[in-house]
Amino acid sequence: MATFFGEVVVAPSRAGVDDEESAEEGCEETPEDRDIRRELEKKREVDVRWTLKSGMRTESSADELFVCSKFILAIGHNAAAFLSSFILDSVCWEVVGAVKLWNEWCRTSSTTNVLPTDSFCLFYRLISDPTVWLCQCSCYVAEDQQFQWLEKVFGCMRKEGLQVTILSTCPVADYKTQESTLTLPSPFLKALKTKEFKEEVCCPLLEQPNIVRDLPAA
Amino acid sequence: MFVSCDHGGPSATSDFKGFTLLMPAVSVGNVGQLAIDLVISTLDMTKVGYFYTDCLVPMVGNNPYATAEENSVELSINAEVYSLPSKKLVVLQIRSPFIKNKYRLFCQTLLSWVKSSKCSRVVLLSSSHAYQRDDEQLLGTPLRYLLTPDLEKAVGGLMQELNWKEMEKVAAYPGINDTEKVLHIPGGGITKRLFTESCSKGIQMAVLLKFCSEGDNIPDAFALVNYLNEWLQLIKIEVNTSSQWKIPSSWRLLFGNGLPPALF
């Protein structure tokens, strides 16, 4: 497909992968296909596990929603490393949960004692104010898992009075601007905010036609 | 699936009784989506809601139709609904590709929303691979239409007057048996599925498509939106109708950033 120098093309066509042809060619799934699909779906399920204060591992019950006033999510290695270097420590923060998932790109580490090079997704709570939460998500959450991740994590939280901040990074080469990205002083910050966010933003807003995708977008 | 922008207010914004729903298929060259961008931008349509769905890749950005500083900070996501009550028009814009295995679910959910919101008809803008045309299709207009039987009764005559060409069916087993013909829309994404499901559910649907290839698809978008305009007359048809369509600000830099001066 026609493209320009510097564009990283993910799919063979901008219209997306064309295997919808085979999906829609009239024939419904055979029982074997259905079983295979179900097994694959189970393998790709996102499993959120919360650790209670007493150290017991259990699923969060549907009735008990966590009360959270501030939730900071760091998505990707750089953002997760930022939190590790400047914010997190074992004195003020405690681990309250983890996400286990698998996809073609990564499998999350099964311990909470992780190395910076591991793929993991952990939740922390500020001991002095248990309504302040952090999430470090250095594993890649695939397209078909992003919605599930979102619903399972936020489904456990009370939405009223919740302020969410998402930290993420993108390559400078992906930034669309009139000048060339070579001359841009990098790194630089840009923000997106919902209209409900009334506080001042510490950096300029992301200009059109730039967009954010994947888990931060979800 | 549909979430109205008007939280708690009267659901005037989600009652589209008698409206025409205009929407794109995510297809070759993204022509349908580009054409929809032109419609929303030119008619200055108001956003009335969005689809909360797990069928599309998530994305978010600032208002793609921004014209000034003040209106440039509204967030925009992958599937949004705009309306223009004066023309009884509601438009769905889809901005990202489908997630694998979710096409069927999306089509089902969409069509049941069409029924529940009482839209009178659906117009789907799409495209198909130009390289798959047969000898006859290589000549003449690259634009085609399709109508479900229910809509055929209502507007079939109008298509004849406009001298439009209906999308040809192709042999199911080319070379072996030329009598059995089927509809084949390569590169059309969910077009064929939506069309056949609408036929079976008695929904009035029209498909307008253009044969094209990947590349600079802006001229294809203009051709498709002018084609649509011949029928729906959304803007006045003038000698040079193309210049009447307003290009949205998000179309800037479609082909990359500025060049580094050090290159020269």
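**Figure 1. Ser112(B) in helix H2 of chain B.** Ser112(B) is partly exposed, at a relative accessible area of 44% (buried is under 20% relative accessible area, exposed over 50%, partly exposed in between, with a 1.4 Å probe and protein chains only). This serine sits in helix H2 of chain B; helices (H or I, at least four residues) and strands (E, at least two) are DSSP runs numbered from the N terminus. Between the C-alpha atoms of Ser112(B) and Pro261(B) the distance is 54 Å, with 149 residues separating the two in sequence.

The model is predicted, so local features need pLDDT of at least 70 and side-chain atom pairs count only at pLDDT 80 or more, while totals for chains, interfaces and linings use all residues. Residues are numbered from 1 along each chain as its sequence is written, chains are lettered from A and ligands numbered from 1 in the order in which they are written, and side-chain values use heavy atoms, with hydrogens and water left out.

**Figure 2. The interface of chain B and chain A.** In this interface, 47 residues of chain B are in contact with 47 residues of chain A (contact: heavy atoms within 4.5 Å). The two chains bury about 3,800 Å² between them, and carbon and sulfur atoms give 55% of this area (buried area: the accessible area, 1.4 Å probe, that two parts lose on being put together, summed over both). Pro58(B), Glu214(B) and Asn257(B) supply 14% of the area that chain B buries against chain A, more than any other three residues.

Three residue pairs, both residues at pLDDT 80 or more, are in polar contact across the interface of chain B and chain A. A polar contact is a pair of N or O atoms within 3.5 Å; within protein, one must be able to donate a hydrogen and the other to accept it, and residues adjacent in sequence count only if both atoms are side-chain atoms. The number of salt bridges between chain B and chain A is zero (salt bridge: a side-chain nitrogen of Lys or Arg within 4 Å of a carboxyl oxygen of Asp or Glu). On the side of chain B that touches chain A, strand S4 (59–62), helix H2 (103–116) and helix H4 (191–201) of chain B each supply at least two residues. S4(B) gives the most to that side, with four residues.

**Figure 3. Ser72(B) and its contacts.** Ser72(B) belongs to the loop between S4 and strand S5 (75–77) of chain B. With a relative accessible area of 14%, Ser72(B) is buried. Neighbours within four places in sequence aside, Ser72(B) is in contact with Gln208(A) as well as with Asn62(B), Asn63(B) and Ala66(B).

Figure 4. Asn30(B) is buried, at 15% relative accessible area. Asp44(B) is placed in the loop between H1 and strand S3 (46–51) of chain B, and Asp44(B) counts as exposed at 61% relative accessibility.

**Figure 5. A nonpolar surface patch of chain A, formed by Phe82(A), Phe86(A) and Ile87(A).** Together the three residues have about 310 Å² of accessible area (from the Shrake-Rupley method with a 1.4 Å probe; for residues, only the protein chains shown count as cover). Patches are made of residues with over 30% relative accessible area and no salt bridge, like charges being joined within 9 Å and nonpolar side chains (Val, Leu, Ile, Met, Phe, Trp, Tyr) within 5 Å. Phe82(A) is in helix H3 (residues 77–86) of chain A and is partly exposed, at 40% relative accessible area.

Figure 6. Gln145(A) is part of helix H4 (residues 143–154) of chain A. At 0% relative accessibility, Gln145(A) is buried. Not counting residues up to four places away in sequence, Gln145(A) touches Arg44(A), Val46(A), Leu101(A), Trp102(A) and Asn103(A). Pro116(A), in the loop between strand S4 (93–100) and strand S5 (121–126) of chain A, counts as exposed at 70% relative accessibility. A C-alpha distance of 8.1 Å separates Pro116(A) from His77(A), and the two are 39 residues apart along the chain.
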